[in-house]
Amino acid sequence: MSTGKRPLRPATQLLISIAIIALAVIATIYLFRYPQKFGPFFIGALVVTLATFLLLLLLRHFVLIWFSYLHQRELAQDEHPEIYPFVSIIVPAYNEEEVIRSSLSSLLELRYPYYEIIAVDDGSTDATYERMKEFEGNHYGVKVSVFRKENSGKADTLNYGVRRSTAPIVVCMDSDSRLTPEALRYAVRHFGDKTVGAVAGNVKVANRHNIWTKLQALEYIEGLNMVRKAQAFWRSVNVIPGPMGIFRRTALLGTGGYDSDTFAEDFDMTVKILADGWKIHYEPKAVAFTEAPEVLLDLIKQRYRWSRGILQALRKQKHLLTRSSGNVTTPLSLWYMVFEGLVWPAMNIFASLFFVWIALIYGMTKLLVMWWLLLTILDLLIAIHAILMEKEDIGLAIYSVFYRMFYVLIIDVTKLFATLEELVGLDMSWGKLARKGRI
Amino acid sequence: MRFDWVNILATVIFISIVVTLILAVASYFAYKVREARRPKTAAELRQEGETKVFFSEYKPQ
């Protein structure tokens, strides 16, 4: 991220990160070791916070289930348009030689009458460009154009592709994603409503072969897509995912294109479109499969980038938290993001520590077991509901047992540290996840 | 012998939460170490005002 000043040396950054971790650990130990030092107010505050946490959890789940159900019912009545508009698909790629063939092949198999593919190599140092060139030309009416430019990041590469497109509908995707044949046909139907500026696709994990990727598959279904479904009922989806975003060209250009000053260009673009007064829909049948990180450190790297990117974008658009463009759901949607990104992870970690502390100090093991059982049953039911709605593999539901107590806790710790580092203002780089070529 | 299932389950939950939290902090630390040691890309070098001056990448034909 360009900050205008010279970034800190990696060793200095590392030292600051260690200091943040040490401070967080010491503060937590002190807080729970000597609660009497904080007086009865502290104990009271703990109990109120915990009760609020459980209440919010139940409320959040109920609201999500209800509105996602309403959205599902609404979609069942929607019809396909009689005329399909011309669509440009932009595929930005940087060092994606393992997956680019699979991605471009999936695009040539789309059941859509009228579209073009614009593949842009962002100065890759591997064979990405050569692999792309194999697809250049005309494939039964689908024109594939391949471009190469100097490395300048994903946002700039997407803008480069958009500038070379002419279609009224533009699809921006990741080069490690594979679209299903019907994806475009379903997504485009929502543009019949002239107030819809963009449609979010349904992203699913392709490589489900270890516990990390299976947990992510469940998270995408339960944690991300169900939230989008609920938000789509109000036409205020707050993240158009990078693997598949479908935009009305005028809406995309009206924002001035993607910005390079955050690490979550997809979220940043979503906020800008909402700020311009457009509605954003979600199409569950516009499915894009993506390659999820397969090892823990890569997962942490991805979530660290997401968390800081979202905070950067929120900071940029903070005026929207209190002011809407005639649409009251936009600030609500953004506040939800603040809640999920900042408040929720801290509360979750805090609640876990609190119950462990109670069990240790007061021997209230029954409370600990009851709390765990309540959350696990709740997660299991939500997982089954979300899986059935998406007609997904029901076997994934069993992973919900590990989801809150194990997976979410790890992700929340990462989010918390990412938030602290963003507040401190540590420099960060985009980095690059190693691809296994499993899409 | 009669098992106290509540205590056993509570112990399992307690250990799993503590181990997960330690694992999460340790993994985050490991990630930071790995990032600090990662070679920088051309774009990152440009952003920091540094350039590769000694050699360009050799690719065998």
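# Briefing on chains A and B

W212(A) belongs to helix α7 (residues 211-233) of chain A; helices (H or I, at least four residues) and strands (E, at least two) are DSSP runs, numbered from the N terminus. This is a predicted model in which local features need pLDDT of at least 70 and side-chain atom pairs count only at pLDDT 80 or more, whereas totals for chains, interfaces and linings use all residues. Residues are numbered from 1 along each chain as its sequence is written, and chains are lettered from A and ligands numbered from 1 in the order in which they are written.

**The two chains**

- Chain A contains 13 helices and 9 strands. Its radius of gyration (over C-alpha atoms) is 22 Å, close to the 22 Å that the globule rule (2.2 Å times the number of residues to the power 0.38) gives for 439 residues, so chain A is as compact as a globular protein of that length.
- Along the principal axes, the C-alpha atoms of chain A fill a box of roughly 75 × 55 × 45 Å.
- In chain A, 45% of the 439 residues are buried, that is, have 20 or more other C-beta atoms (placed from the backbone) within 10 Å of their own.
- Contacts are pairs of residues whose C-beta atoms lie within 7 Å. Among those in chain A between residues at least 6 apart in sequence, 84% join residues at least 24 apart.
- Chain B has 2 helices and 0 strands, and 13% of its 61 residues are buried.

**Surroundings of W212(A)**

- W212(A) is buried, because 20 other C-beta atoms lie within 10 Å.
- Leaving aside residues up to four places away in sequence, W212(A) touches P293(A), E294(A), V295(A), L296(A) and L299(A).
- P85(A) lies 127 residues from W212(A) in sequence and 39 Å from it in space, C-alpha to C-alpha.

**The largest nonpolar core**

- A nonpolar core is a set of buried Ala, Val, Leu, Ile, Met, Phe, Trp, Tyr and Cys residues joined through C-beta atoms within 7 Å.
- The largest such core holds 120 residues, of which I89(A), I90(A), V91(A), A119(A), A183(A), A198(A) and V413(A) touch the most other members. Helix α7(A) supplies the largest share of this core, 11 residues.
- Not counting residues up to four places away in sequence, V91(A) has contacts that include S103(A), L104(A), A119(A) and M173(A).

- In β1(A), 7 of the 7 residues are buried, so the strand is largely enclosed by the rest of the structure.
- Both faces of β1(A) are covered: one side carries V87(A), I89(A), V91(A) and A93(A), the other S88(A), I90(A) and P92(A), and all are buried.
- β1(A) pairs with β2(A) in the parallel sense over 7 bridges, where pairing requires at least two DSSP bridges. Here V87(A) stands opposite Y115(A) of β2(A).
- β1(A) also pairs in the parallel sense with strand β5 (residues 169-172) of chain A, over 4 bridges. The bridge partner of V87(A) in β5(A) is I169(A).

**Helix α3(A)**

- β1(A), α3(A) and β2(A) form a right-handed β-α-β unit: with the strands pointing away from the viewer, the path from the first strand over the helix to the second runs clockwise.
- In α3 (residues 100-108) of chain A, the residues I100(A), S103(A), L104(A) and L107(A) are buried. Seen down the axis of α3(A), these buried residues fall within an arc of 90° (directions from the helix axis to the C-beta atoms), so they line one face of the helix.
- The cover over the buried residues of α3(A) includes β1 (87-93), β2 (115-122), α4 (128-133) and β6 (177-179) of chain A.

Key:
Buried ≥ 20, exposed ≤ 12 C-beta atoms within 10 Å, placed from the backbone. Contact = placed C-beta atoms within 7 Å.
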